[in-house]
Amino acid sequence: MTEQHRSAAGGLIGKRVPVLDKGWIELQDVMGDDMAIVSAARVSFMGESKGDEKDKRLLFRLLKDHHTSPFEQVEFKFRVRAPVVTWWQWVRHRTWQFNAQSGRYTPFEENDFYLPDTWRKQSPSNKQASRGALTDEEGAPFSAAALAHFEEGYRLYRAALDAGIARELARVYLPGFAVYYTWVCKVDAHNLMHFLRLRMAADAQYEIRVYAQAIYEHYFKPALPWTAEAFEKFILQPDAETASPT
Ligand SMILES: Cc1cc2nc3c(=O)[nH]c(=O)nc-3n(C[C@H](O)[C@H](O)[C@H](O)COP(=O)(O)OP(=O)(O)OC[C@H]3O[C@@H](n4cnc5c(N)ncnc54)[C@H](O)[C@@H]3O)c2cc1C
């Protein structure tokens, strides 16, 4: 089982998943697997694998009892292209390590802007949320206006660059929240579960929720199948607290 786990995680490296209209996530590296978590816990009493059934039961017990540090032994490193509206929320998670593309160094391209598929409506009950959406017909003028805005912002940006204005300043002409940036970011499995719980939730903004869901479905679940099963039972569905591993 250990070898199977390792090859499942390693086989994901380099896999790129498209997100939003022009974004993506790519797994750059992963360190550890479910057994790394079990082994880290067993070091307490210098033990080793006791077979799948007991190993899995131990991992479930760790998560259920909030014995979280063994989950920090597994790390994921992603390369992510996302608009500022997404990064604005993602970078609040202080337990991630980030390195960002520099807009002072690399000029932006004409197509580096996020255009929503649909224009969601303001929720009447939650000031921070959306509910429902404009129809395609209702949304069409807003999409056209956004494209015109991107074009004009980019034209002013290029004109400023051509006039010799520094890249670090010319970017004030770009449509801020829509601009795509590429970052490299790293996190351990414990803090990734914290991020996923908050950002896959129904009240998380769509533009970050789709990244969290892509991380969970395409990387976390296949790399850590036991942990994902326990995460769903004890953290995403806490009512199932008495559940035992199948
Ligand atoms: C639906 C939603 C709405 C939000 N709305 C707003 C908003 O209106 N305004 C706003 O400013 N933010 C908002 N946030 C961001 C939120 O307040 C958190 O900053 C963000 O979710 C990161 O969570 P965190 O601090 O738990 O995560 P991390 O920074 O990853 O930290 C994980 C955990 O580590 C511990 N930790 C990390 N760093 C420290 C530290 N320096 N000191 C002590 N403990 C630490 C904490 O226990 C923390 O829970 C919102 C988040 C969500 C999900």
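## Domains

Domain bounds here come from an automatic or database domain assignment. On that basis, the chain splits into domain 1, made of 2-101 + 179-240, and domain 2, spanning 120-177. Please keep in mind that this is a predicted model: local features need pLDDT of at least 70, side-chain atom pairs count only at pLDDT 80 or more, and totals for chains, interfaces and linings use all residues. Residues are numbered from 1 along each chain as its sequence is written.

Taken over C-alpha atoms, the centres of domain 1 and domain 2 are 32 Å apart. Five residues from domain 1 and five residues from domain 2 make up the contact, where two residues count as touching if their C-beta atoms, placed from the backbone, lie within 7 Å. On the side of domain 1 that touches domain 2, four residues are nonpolar, none is polar and one is charged. In this grouping, Ala, Val, Leu, Ile, Met, Phe, Trp, Tyr, Cys and Pro are nonpolar, Asp, Glu, Lys and Arg are charged, and the others, Gly among them, are polar.

## Following the strands

A word on terms: helices (H or I, at least four residues) and strands (E, at least two) are DSSP runs, numbered from the N terminus, and two strands pair if DSSP finds at least two bridges between them.

Let us start with strand 1 (residues 16-19) and strand 2 (residues 23-31), which are antiparallel and share four bridges. Arginine 16 has glutamate 26 of strand 2 as its bridge partner.

Glutamate 75 has aspartate 188 of strand 7 as its bridge partner.

## Two positive phi angles

Most residues other than glycine have a negative phi. Leucine 20 is not a glycine, yet its phi is positive, about 55°. Leucine 20 belongs to the loop between strand 1 and strand 2. It is buried, because 21 other C-beta atoms lie within 10 Å; the cut-offs are 20 or more for buried, 12 or fewer for exposed and partly exposed in between, counting other C-beta atoms within 10 Å, with C-beta atoms placed from the backbone.

Histidine 66 also has a positive phi, near 60°. Histidine 66 lies in the loop between helix 3 (52-64) and strand 3. With 8 other C-beta atoms within 10 Å, histidine 66 is exposed.
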